[in-house]
Amino acid sequence: MLKKIFIGLAVVLIAIQFVKPEKNISDDNTYAITTKYDMPDDVKKTFEVACNDCHSNKTTYPWYANIQPIAWFLNDHVLDGKKHFNISTFTKLPIAVQNHKLEETIEMVKEKEMPLESYTYLGLHKEANLTDAQREAIVSWASAQMDSLKAHYPADSLKMKP
């Protein structure tokens, strides 16, 4: 009986290897955050190594992203990350949403909620473990962008509508 269970499990594990999610590799940056907002090289580099895989239209996949069900988990993770903050489509958003996303970026980075622990767990993506200096650079940059928006747009246009 136990042998039949293991054989059945093996068949299922082999079969699911043929059901793969679509990869996030379009790299369309027509509305990328950097098309409107100046980003210093150090912040840009930090975004590239710590944020882009889940928050842009181009993910660099590790080798294990080709194994199911890990690929499904990673795909859900990337889709969720892009839903909350997509660097590649940022300027397509209404200005109030852009302002709010910058505010959320500050909060998430300050509170060390980003990058997610699951992204850097067990030494995976260790380059995404942000130093205090990298966190401060992102916070300063996002704050400066919010200040620039305040200087160029009426205050009521920067508020999210309920």
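**Figure 1. Surroundings of Tyr31.** Tyr31 touches Ile87, Ser88, Thr89, Phe90, Thr91 and Lys92, leaving aside residues up to four places away in sequence; contact denotes heavy atoms within 4.5 Å. The model is predicted, with pLDDT of at least 70 required for local features and 80 or more for side-chain atom pairs, whereas totals for chains, interfaces and linings use all residues. Residues are numbered from 1 along each chain as its sequence is written, and side-chain values use heavy atoms, without hydrogens and water. Tyr31 lies in the loop between α1 (2–15) and α2; helices are DSSP runs (H or I, at least four residues) numbered from the N terminus. Because its relative accessibility is 37%, Tyr31 counts as partly exposed (between buried, under 20%, and exposed, over 50%; 1.4 Å probe, protein chains only).

**Figure 2. The largest nonpolar core.** This core has 27 residues, and Ile33, Tyr37, Val43, Phe47, Leu102 and Trp141 have the most contacts inside it. Two or more residues each come from α2 (41–50), α5 (95–110) and α7 (132–152), the largest share being the 7 residues of α7. A nonpolar core joins buried Ala, Val, Leu, Ile, Met, Phe, Trp, Tyr and Cys residues through side-chain atoms within 4.5 Å.

**Figure 3. Contacts of Phe47.** Beyond residues up to four places away in sequence, Phe47 touches Met39, Asn52, Phe85, Ile87, Ile138 and Trp141.
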